[in-house]
Amino acid sequence: QVQLVESGGGLVQPGGSLRLSCAASGGIFSINTMGWYRQAPGKQRELVAAITSGSSTNYGDSVKGRFTISIDNAEKTVYLQMNSLKPEDTAVYYCNIDYRYATRRTSVAWGKGTQVTVSP
């Protein structure tokens with residue numbers, strides 16, 4: 001069974017930076033994409049950033065130019081460097097993986113989430 005372990009969340013002041021990490025383990029034959037989503041209280045979960053195993057990236061409009069996603073395929077780990085953080089970035093951040101576990105068999109897994117709070 002695939003597991004995702006997230007780390008790096010916490011409390012930071014506006015304008016500060018944080019780096020999130022998410023390591024995947026278990027029955028992964030290959031990675032299609034890994035990404036980060038976030039959910040603030042009372043809001044729907046939204047895409048923050050996603051990256052393919054070939055390093056093609058996609059970002060949510062609200063984080064473009066401030067956040068950078070990267071992937072280490074060998075370690076099955078995805079990173080999210082978050083700069084110029086704003087109070088509206090406060091949310092629980094969830095790691096996501098779309099992976100292949102057998103020939104023509106794919107699945108998706110989610111992490112448990114890590115809290116990011118941006119506050120003076």
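Predicted model: local features only at pLDDT ≥ 70, side-chain atom pairs only at ≥ 80, totals over all residues.
A residue is called buried when its relative accessible area is under 20%, exposed when that area is over 50%, and partly exposed in between. By this scale, Glu46 is partly exposed, because its relative accessible area is 35%.

Strand S3, which spans residues 18-25, pairs with strand S1 (residues 3-7) through 5 bridges, and the two strands run antiparallel. Strand S3 is also joined to strand S8 (residues 77-82), in this case by 6 bridges and again in an antiparallel arrangement. Cys22 takes part in both pairings: Glu6 has Cys22 as its bridge partner in S3, and Val78 in S8 stands opposite Cys22.

Cys22 also contributes to the disulfide. The structure holds 1 disulfide, in which Cys22 is joined to Cys95 with an S to S distance of 2.0 Å. This link connects distant parts of the chain, since Cys22 lies in strand S3 and Cys95 in strand S9 (residues 91-102), 73 residues apart. The angle about the S-S bond is -85°, and the link is left-handed. Cys22 has a relative accessible area of 1% and is therefore buried. Cys95, with a value of 0%, is likewise buried.

Attention now turns to charged side chains. Side chains of opposite charge can pair when their charged atoms come close. The structure holds 4 salt bridges. One of them is formed by Glu46 and Arg38, whose closest N and O atoms are 2.7 Å apart. The two partners fall into separate classes of accessibility: Glu46 is partly exposed at 35%, whereas Arg38 counts as buried because its relative accessibility is 5%, a value under the 20% limit.

A salt bridge is also found between Arg66 and Asp89, with 2.8 Å between the closest N and O atoms. The pair links distant parts of the chain: Arg66 is located in the loop between strand S6 (57-59) and strand S7 (67-72), while Asp89 is located in the loop between S8 and S9, 23 residues apart from Arg66. Both Arg66 and Asp89 are buried. Together, Arg38, Glu46, Arg66 and Asp89 are linked in a network of salt bridges.

Asp61 and Lys64 likewise meet through their side chains in a salt bridge, with an N to O distance of 3.1 Å. Asp61 counts as exposed because its relative accessibility is 68%, which is over the 50% limit.

Key:
Residues numbered from 1 in each chain as written. Heavy atoms only, no water. Pairing = 2+ DSSP bridges. Helix = DSSP H or I, 4+ residues; strand = E, 2+ residues; numbered from the N terminus. Disulfide = S-S within 2.5 Å. Buried < 20%, exposed > 50% of the residue type's maximum accessible area, 1.4 Å probe, protein only.
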